[in-house]
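Please read this briefing alongside the sequence and the coordinates.

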Amino acid sequence: MLPTSNINKHKMEAYIYDSVRTPRGIGKKTGSLSQVSPVQLTTTLLKALKERNNLNTLLVEDLIIGCVTQAGEQGGNIAKVAAQCSNYGNHLSAVTLNRYCASGLEAINQAAVKIKSGWSNLIIAGGVESMSRVPMGIDGSAWVMEPDASFGKFIPQGVSADLIATKYGYSRNDVDRFGVSSQMRASFAQKNGYFDKSIIAVKDLNGFTHLAKDESIRANTTLETLATLKPSFKQMGEMLFDQTAIDTYLETERINHIHHAGNSSGLVDGAALMLIGNKEIGEKLGLKPRAKIKIGAVIGTEPLIMLEGPIPATQKVLALAGMKISDIDLFEINEAFAVVPLRFMDNLNIDQSIVNVNGGAIAMGHPLGATGCMILGTALDELERQNKTTALATLCVGGGMGIATIIERI
Amino acid sequence: MNTQHIKYRVDTDGIAFVTWDMQNSSVNIMNESTMNTFVGFTKQAIEDKNVKGIVINSAKNDFISGGDLKWFLNYNKTKQECFEMLMQTHKNLRLLETCKKPVVAAINGMALGGGCEVALACHHRIMTNHPKNKIGLVECSVGLFPGAGGTQRFLRMLGTKKTIQFITQSKKMSAEDALKNGLINDVCSPEENITELAKQWILTKGTYEQPWDNKNYKLEGTPVGIGQISGVNEFYSISNAMAFKTTHGNLPHIKNVLSVIYHGASCNIDNALEIEARYFVDTLFSKETKNIIRSSFIFIEDAAKGKSKPAGFEKVSFKTIGVLGAGMMGAGIAYVNAKSGLNVVLKDITLGKAEQGKNYIKKQELFKLKKGFTTQEIIDNLLDKIKVSESAADLKDCDLIIEAVFENEKLKNSVTKETEAIISENVIYTTNTSTIPISTLAKASSKPDKFIGLHFFSPVEKMPLVEIIVGKKTSNETLAAAINYVTQIRKIPIVVNDGRGFFTSRVFGKFVNEGITMLTEGIPPAVIENVAKKIGMPVGPLAVSDEVNLKLMLAVMYEDPTLTSHEIQLKNTISEIVKIHGRTGKKEGKGFYDYPVDEKKSIWKKWLTIYPVQSSYNEEKIGRRLLFSMVIDAYKCLDSGVIKEPKDADVGSILGLGFPIHTGGVMSYIDYIGGNEFVAYSLQLEKEFGERFKLPESLINRVKNAGNKRVFYKN
């Protein structure tokens, strides 16, 4: 059931004053950002926000960071460590949150809620993930280990993606075509400087550059090159997890394993931050608001198929906003696996010409905790470039969730 | 000092010997009484200041063979009492391992289940390396798991991975393997005096601290801490998925033992033992575990011992068996006979055909040799036992004949006559048929009292069940001898009276029929197959039909004058499927499934247009229709005397049909669902789908009379 809209009852607005991100480095030991710790990725951006906006950091009240694998150097509230290393001042409080792949957008939403409710005036929110240094899964999880939580209830996301494809009849060719288009769009956007406005090069202590551009884009990807790749989840699925999916999705005779490295999001390192505040603080700091965060929503979905969340989350956020699909100029949906945006577009009847116009995580990678903030930033930059008004960013989330946020340019 | 079950003495060197020697039993079994005596003596040894160390050993050929499953099945106390009993055992074994005197297990033979658990609570284990000796925690194979601390001690000795693997799969280890894995500390040869070695260890080494009682002890692979670094996250995830894949969540003891290992790994030994007890109580009180203990263990064990043999007949044993027909079945039958040490004359119409049958056996054995499971010498001995022949005259010295020629009445009759002319008066003549009534075939025999059916299942060397089919004129003496024979070749007999399809084929036919009927109603074929597997059947009805072949099924139906109106309708449907759509089965590569070369089979896409799919379906109803159709027909077998006792139906259904073990079999299923629920649901199915779900009056009365109690069996 969809909620009713209360949007006009709230007077206070939350504005995005600035949006920055690091380039995404390949998330392997050979990747260009693997020398850089997640704390350093975050402080790079904190420093950039300060410099770009000539920011009086004493007015920044809180730092909200989304980060998924909170272990090792990403453990123990990495947001607070980054705050301490930022020279913003001891007053800066910080919190790290985990809503799996939605963490970066969840951080933005929570910041917006605090601003809109009057609890805070100025917050920096976003996310970070160094997948080369803190590998996915090393934080452990009851979901996969504890029999009560796992037995018949857990399958890896790749198997879920293949299950969606099987259920709705997407072929290997369908998902590969989407993979190619993500690469072409990302490569075109990169060449034409569409990302330059927000990208902050990551540099070492001497000022030498580690990385200035997204590292994993492959401009020469074709259907033919993708056709040579072996499905990534076939072996583990057939050996272990497919049966769990089939026992719930009984119409599935056999799962068609079609996702692979070329049509799924890449593992990368990266961080993204936004400066969010109310109207008064912007005036006080002499900053011009770029967009307002209209409203956001999260929703839980069936946890085995897991990745269909963007659809009900979008329906929910539109209902909360009192808007329709046609009111949205641009969509950003995280390309966790190609089938996720494909199913999203088909189900909600959205044309691909306004979805992920500059490519997505298949080309540029998905730094788990940071992606939500990154794609919202990409949407904002693109609204400005095309001189359009409204964008919606959404992500599928592990465990069966969806998140969606709407922004509107001033 | 001695009691009925355990002897106790202290020698002049101050070594106490606690010796298991259960009275009136060839093996040592753990139950309340033996355990109490055992604990009493260990306490005495602990308290006796003159005792320096304790040796636990056995006066039998084996050490301790495990717990008393009948006692578990009939356990009638409360959950609380059960928990306290388990905790008392934990306390006693903890007392033993923390008593500050060295305790040694002298494992002279099998140490399984509880026997292994007692050994694990000792400080040192020596085992005799006789090839037949095995040690292991095998409780999962009977629906339980180790409840005397085995899960936690094994875990702390071998780590998480091996523990999950060995315990959930009930794996046993030889002495050498156990030593390699660190489950025991030393091995000795069968010629050595193991008790003396145990004593010498106490006198020369004699340490008395369990690894887990050392404050520096760390268990590798605990679920707490950094997952991927030790692989624990993945490992548990894989174990859970693997266990779910094989059980579909139908066996609570498997999920419970995974929980015990998972939760126990993060605790100290005392808390871990408490966790084991908590989950053990839940498991023991589950319907599924009782069903598995009753049917898959006690009933099958009884059947394997030939307990259905009529009273008053001497045990007969057999030396030379004549097998007629060296096809797939004949060769398989010859194989199992030779493996059990019997001589076989394998006869076919030509020597070449008989040789072909023998070659099949040779091929299987060479494959085993390649895998290291046998030796050339064993193979040579085995093959020497099988004499191929093309002449009936070679059968003259056989003391039992098994005819396994094609399912053709005329052929079978002529073979009967030809053979009876050669064999001596008192030789039993058996026929391996799955469809033709024995009384009909017996008409060709001059000695119908010596004529009996033996229905082997394919592949014979793997399938343990044999249906013994008693014809109208078969004598009790012949039946008794046939039961002796089947147990001699280590197969499990059930006795069935003559009737169309006997028991297993007839009942299984209902499962296949129901599956095909559902397809024609528009239930998606994948759903039918998946639900069948999810409720615990090994294969779906449509896949089975493809194996059997629709043409064969039709032929059987055409010859059956007793078809119900539903079956006549189904016959017409199947006939259409064969004639119009050209779908028959796997042999032709075109059945309910397609069988592409080099690819996995897949359901034929066109079914969805031939039988348009219903918009919705009820999973529970699909599962119940599949099982109820078998259960009701099995009950009719019981009602009409095809089957004598409910337990024969349970054993036959589990071993012959792959009926889900957690239900206890076709008869136990009624109580698994609950008698009243079974009657009510059958009524609902009858209303919706017709008279095939109508229950016989006698079953309704049985359920009524049972009231709140079980309909079949006390426990």
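What follows concerns a predicted model, taken sheet by sheet and then helix by helix.

**The six-stranded sheet of chain B**

- In chain B, 6 strands make up an open sheet with mixed pairing, arranged in the order 1-2-3-4-6-8.
- The edges of this sheet are strand 1 (6-10) and strand 8 (186-188) of chain B, each of which pairs on one side only, and neighbouring strands are turned against each other by 20° on average, direction ignored.
- Strand 3 (residues 53-58) of chain B runs parallel to strand 4 (residues 103-107) of chain B, to which 3 bridges join it, and within this pairing B:Ile56 has B:Ala105 of strand 4 as its bridge partner.
- Strand 3 of chain B also runs parallel to strand 2 of chain B, here with 6 bridges, and B:Ile15 stands opposite B:Gly53 of strand 3.
- Because 6 of the 6 residues of strand 3 of chain B are buried, the strand is largely enclosed by the rest of the structure.
- In a regular strand, side chains alternate between the two faces of the sheet.
- In strand 3 of chain B, B:Gly53, B:Val55 and B:Asn57 point one way, whereas B:Ile54, B:Ile56 and B:Ser58 point the other way, and all are buried.
- Helix 1 (residues 32-47) of chain B lies across strand 1, strand 2 (15-20) and strand 3 of chain B, and runs at about 5° to strand 1.

**The eight-stranded sheet of chain B**

- A further open sheet of chain B is formed by 8 strands in the order 11-10-9-12-13-14-15-16, again with mixed pairing.
- Helix 26 (residues 646-657) of chain B lies across strand 15 and strand 16 of chain B, running at about 120° to strand 16.

- With strand 3 (residues 62-66) of chain A, strand 5 of chain A pairs in the parallel sense over 5 bridges, and A:Ile65 has A:Gly126 of strand 5 as its bridge partner.
- With strand 8 (residues 268-277) of chain A, strand 5 of chain A pairs in the antiparallel sense over 9 bridges, and here the bridge partner of A:Glu129 is A:Gly270 of strand 8.

**A helix pair in chain B**

- The axes of helix 9 (residues 232-247) and helix 10 (residues 252-265) of chain B come within 10 Å and cross at roughly 170°; helix 9 and helix 10 of chain B are therefore roughly antiparallel to each other.
- Helix 9 of chain B contributes B:Tyr236, B:Ser239, B:Asn240, B:Ala243 and B:Thr247 to the contact, and helix 10 of chain B contributes B:Ile254, B:Lys255, B:Leu258 and B:Tyr262.
- By class, the residues in this contact between helix 9 and helix 10 of chain B are 5 nonpolar, 3 polar and 1 charged.

**Helix 7 of chain A**

- Helix 7 (residues 172-191) of chain A has 20 residues and reaches 29 Å from its first C-alpha to its last, close to the 28 Å expected at 1.5 Å a residue.
- Its buried residues, among them A:Val175, A:Phe178, A:Val180, A:Arg185 and A:Ala189, pack against helix 6 (157-168), helix 8 (223-227), helix 12 (339-348) and helix 13 (361-364) of chain A.
- Just after helix 7 of chain A, A:Gly193 takes a positive phi of about 75°.

**Helix 25 of chain B**

- The 21 residues of helix 25 (residues 619-639) of chain B should span 30 Å at 1.5 Å a residue, which agrees with the 30 Å between its end C-alpha atoms.
- Helix 25 of chain B is mostly covered, with 15 of its 21 residues buried, and it is followed by B:Gly641, whose phi is positive, near 85°.

Note on methods: Residues are numbered from 1 along each chain as its sequence is written. Chains are lettered from A and ligands numbered from 1 in the order in which they are written. This is a predicted model: local features need pLDDT of at least 70, side-chain atom pairs count only at pLDDT 80 or more; totals for chains, interfaces and linings use all residues. Helices (H or I, at least four residues) and strands (E, at least two) are DSSP runs, numbered from the N terminus. The expected span of a helix is 1.5 Å times one less than its number of residues. A residue is buried if 20 or more other C-beta atoms lie within 10 Å of its own, exposed if 12 or fewer, and partly exposed in between; C-beta atoms are placed from the backbone. Axes are lines fitted to C-alpha atoms, for helices over the stretch in contact, and angles run from 0 to 180 degrees between N-to-C directions. Angles under 35 degrees count as roughly parallel, over 145 as roughly antiparallel, 65 to 115 as roughly perpendicular and the rest as oblique. Two residues are in contact if their C-beta atoms, placed from the backbone, lie within 7 Å. Ala, Val, Leu, Ile, Met, Phe, Trp, Tyr, Cys and Pro count as nonpolar, Asp, Glu, Lys and Arg as charged, and the others, Gly among them, as polar. Two strands pair if DSSP finds at least two bridges between them.
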